Amino acid sequence: MREQSILRIVAKLLIPYILLFALYVQFHGDYGPGGGFQAGVIFAAGIILYGLVFGLNAARGVAPPLLMETLAALGVLIYAGTGVAAMLNGGNFLDYNALGDHGKHHTPAVVQSGNHHTSVPKGDDSHHASVPEGDDSHHEQPSFLPHGQHLGILVVELGVGLTVAAVMITIFFAFAGREQMQ
Amino acid sequence: MTDNMIVIMLLALLLGTAITIARMRDLWAAVMLTGIYSFLGASWMLLLDAPDVAFTEAAVGAGIATFLMLGTLALTSRRAKAPKGRSLLPLAVVIVTGAALVYGTFDMPFFGNPQAPVHQHVAPQYLADRVPHNRDGRTKVNVPNIITAVLASYRGYDTLGETVVIFTAGIGVLLLMRQRRTQDIAEDDK
């Protein structure tokens with residue numbers, strides 16, 4: 001397809017946005033639709049589009065097959081490693097609550113930030129006094145997120161995204177490379 | 001009213017696409033039509049308030065699956081062989097199976113029915129966990145998109161299993177293709 005200038009230019013314009021959208025879906029999956037699986041497929045679709053228009057060797061240059069195979073394994077390792085990390089922190093396998101000790105510090109701040117939750121007695125929130133007000137200012141959206149759960153879900157989704165994207169690209173290389181041999 | 005119109009049109013388009021694919025002999029066009037079918041299916045799922053599923057259907061069904069089928073097509077013929085004679089048995093099987101499935105839907109609760117069994121089991125607990133002022137606050141999952149919370153946290157084991165399945169699929173494809181490549185090299189050496 002080297003002579004098709006319209007295809008090449010449109011692909012060149014589209015691919016950065018496809019990859020950017022994949023990253024958005026990846027890291028915004030806990031707020032909107034999507035997550036690691038969808039993000040991985042979209043990212044792979046961007047690379048595959050590149051390979052279809054600019055040739056297999058160009059795509060192999062962007063996403064080296066050896067790197068893809070490593071990333072596919074790394075994704076599973078990140079996922080399972082999150083579970084093991086939770087175990088090392090004293091929780092069950094994949095129990096994200098064990099990942100962050102901040103969870104119990106954050107919850108009282110929520111109780112205060114929501115006006116209609118003032119009925120909760122403040123006496124049993126012993127941590128509250130020790131937490132400075134600015135501590136949860138970086139959580140501008142729902143400040144009631146328990147830290148461990150949010151962290152665990154983000155890391156796990158990253159693992160899923162890595163594996164899915166790498167496997168899809170690997171399968172693309174396998175199919176397209178075979179086509180080229182014949 | 002307009003909602004119903006959209007639903008009826010989408011379903012009619014889905015049916016039309018499916019029948020066209022079944023009657024088609026040109027496989028390349030059939031693959032393209034399956035991509036269109038996936039997009040229509042994704043739109044339909046979006047109407048059912050399932051954006052996550054619609055997302056997956058559009059990305060996998062219309063994107064990756066279409067490409068994989070085109071890749072397969074490049075290795076085989078572009079046209080399907082015309083069937084020998086007209087056999088009524090497959091048609092009968094399809095009609096009977098379809099009728100049985102439609103009959104089965106009569107027992108299903110209506111779409112969005114809050115009394116449906118699926119909304120009585122664990123779903124209320126998942127929803128309750130998202131409310132910030134639950135009693136012991138910190139053990140709850142408060143990710144705004146509850147589907148992500150269910151997939152990655154409540155059903156974390158399942159999703160780990162799915163990720164391993166995808167990884168295994170990739171390894172399988174690699175092993176098959178790799179073996180072929182070394183065979184070719186061995187043949188070249190002879």
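Reply: A:Leu94 counts as buried because 24 C-beta neighbours lie inside 10 Å, and the cut-off for that class is 20 or more. The model is predicted. A:Leu94 sits in the loop between α4 (65-88) and α5 (102-113) of chain A. Its phi is positive, about 65°, although A:Leu94 is not a glycine.

B:Asp49 also has a positive phi of about 65° and is not a glycine. This residue belongs to the loop between α2 (27-47) and α3 (51-75) of chain B. B:Asp49 is exposed, with 10 other C-beta atoms within 10 Å.

Next, the core. The largest nonpolar core holds 54 residues, and those with the most contacts inside it are A:Val41, A:Ala44, A:Met168 and A:Ile169. Elements giving two or more residues to this core are, in chain A, α1 (5-27), α2 (36-54), α4 and α6 (147-181), and, in chain B, α3, α6 (146-154) and α7 (156-189). α6(A) supplies the largest share, 16 residues. Leaving out residues up to four places away in sequence, A:Val41 touches A:Val164 and A:Met168 in chain A, and B:Ala59, B:Val60, B:Gly63 and B:Ile64 in chain B. In soluble globular proteins, nonpolar side chains tend to be buried together.

Helix α4 (residues 89-105) of chain B has zero buried residues among its 17, so it lies largely in the open. From first C-alpha to last, this helix reaches 25 Å, close to the 24 Å expected at 1.5 Å a residue.

Technical notes:
Residues are numbered from 1 along each chain as its sequence is written. Chains are lettered from A and ligands numbered from 1 in the order in which they are written. This is a predicted model: local features need pLDDT of at least 70, side-chain atom pairs count only at pLDDT 80 or more; totals for chains, interfaces and linings use all residues. Helices (H or I, at least four residues) and strands (E, at least two) are DSSP runs, numbered from the N terminus. A residue is buried if 20 or more other C-beta atoms lie within 10 Å of its own, exposed if 12 or fewer, and partly exposed in between; C-beta atoms are placed from the backbone. The expected span of a helix is 1.5 Å times one less than its number of residues. A nonpolar core is a set of buried Ala, Val, Leu, Ile, Met, Phe, Trp, Tyr and Cys residues joined through C-beta atoms within 7 Å. Two residues are in contact if their C-beta atoms, placed from the backbone, lie within 7 Å.
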